[in-house]
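Have the structure open while you read.

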Amino acid sequence: MTADKALIAKQFIEMIPHAKALSMQITNIGDGLAEITMPYDEALIGDPKTGVIHGGAVSTLMDTCSGAAVMSHPDSPAGTATINLRIDYMRAAKPGDAITAQAECYHITRNVAFIRAKAFDADFDNPVATAAGAFTVEGK
Amino acid sequence: MARQKPEPVQIVKQRRDAALGALVGGVPYIRYLGIQFERHGDELTAVLPFEEKLIGNPLLPALHGGVTAAFLETTGIITLSWSYLWEDIESGKLDPDTLTKGDLPRLPKTIDFTVDYLRSGLPRDAYARARVTRSGRRYASVQVEAWQDHRDRPMAQATAHFLMPRP
């Protein structure tokens, strides 16, 4: 049952045009947890002097990963949409490194799913950014 | 004493547009999303022309929430940088030619960014405007609002804090 849900969530995420455009890959999903990786791409640079990726691209990755975590939660019937997301930027991501987001849907009600997420470059001890947010619970 | 003659309008426009063009055109990610800026005096309006690659929910279809967030964040940074650099652009201290060559001044860095989604983003053009609510020596607060067909029916709003570059 849960494995099916994870598969459906994975297929749905991989169908998203903008996730495809950024070459996002789901590396882990299930039971309200998700991990998605996005390779470094020069088109995503926000600071041309340093080659550091734009915060907006990191936000997009964390938003997608958070949605995937909600969809994979055992109590989530199907789809979801972001209500609110707060992102804190700890440091610049290292140019050339892929960005990995890990999200957790830590609480879910009939109407609202609550998430926490972190984003890393190759250094998994120091997050690049963290996020917290609320998502809708659709299809009940 | 004779008053100084005002600058010809085309000189003023050319200087401001060159500075804005350099500020926006130098960032690959802004180009990737296709965001453009329209200027009326010092007021900026960001425009995000719709493209298929910006879709986040193919079933509805709707814009990707991340794209909306990135659009708001970009509008916030450019508007804040624009107001921060305005005096130097006007006084000629900042030369648009050096800007165009890619020699951009250091820009504000995002500390945190909070976005509220009010309506789903339709598959059509979106617009955004930012307001710098406070710009201090070290920190700045900025509010941003995005809309599509109706200005009074916003699709998303954001509050962001930025770390200002050291002078």
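## Ground rules

Contact here means heavy atoms within 4.5 Å. With that cut-off, 63% of the contacts in chain B between residues at least 6 apart in sequence join residues at least 24 apart.

This is a predicted model, so to speak of a local feature takes pLDDT of at least 70, side-chain atom pairs count only at pLDDT 80 or more, and totals for chains, interfaces and linings use all residues. Residues are numbered from 1 along each chain as its sequence is written, chains are lettered from A and ligands numbered from 1 in the order in which they are written, and side-chain values use heavy atoms, with hydrogens and water left out.

## Chain A at a glance

Chain A has 3 helices and 8 strands, where helices (H or I, at least four residues) and strands (E, at least two) are DSSP runs numbered from the N terminus. Going from the N terminus, the order is α-α-β-β-β-β-α-β-β-β-β. The radius of gyration of chain A is 15 Å, close to the 14 Å that the globule rule gives for 140 residues, so chain A is as compact as a globular protein of that length. That radius is taken over C-alpha atoms, and the globule rule is 2.2 Å times the number of residues to the power 0.38.

The C-alpha atoms of chain A fill a box of roughly 50 × 25 × 25 Å along the principal axes. Of its 140 residues, 53% count as buried; buried means under 20% relative accessible area, exposed over 50%, and partly exposed in between (1.4 Å probe, protein chains only). For contacts in chain A between residues at least 6 apart in sequence, 62% link residues at least 24 apart.

Take a look at helix α3 of chain A, residues 55–71. This 17-residue helix reaches 24 Å from its first C-alpha to its last, close to the 24 Å expected at 1.5 Å a residue (the expected span is 1.5 Å times one less than the number of residues).

## Chain B at a glance

Chain B comes with 4 helices and 8 strands, in the pattern α-α-β-β-β-β-α-α-β-β-β-β along the sequence. Its radius of gyration is 17 Å, close to the 15 Å from the globule rule for 167 residues, so chain B is as compact as a globular protein of that length. The C-alpha box for chain B is roughly 65 × 35 × 30 Å, again along the principal axes, and 48% of the 167 residues are buried.

## Helix α1 of chain B

Helix α1 of chain B (residues 9–25) has 17 residues and reaches 23 Å from its first C-alpha to its last, close to the 24 Å expected. Its buried residues are V12(B), R15(B), R16(B), A19(B), L20(B), A22(B), L23(B) and V24(B). An α-helix has 3.6 residues a turn, so residues three or four places apart point the same way. The cover over the buried residues of α1(B) includes α2 (28–33), β1 (36–40), β2 (43–48), α3 (65–91) and α4 (96–100) of chain B.

## A glycine in a loop

G121(B) sits in the loop between β5 (109–117) and β6 (126–135) of chain B. Is G121(B) buried or exposed? It's buried, with a relative accessible area of 7%.

Leaving aside neighbours within four places in sequence, G121(B) is in contact with P61(B), A62(B), L63(B), Q148(B) and M155(B).
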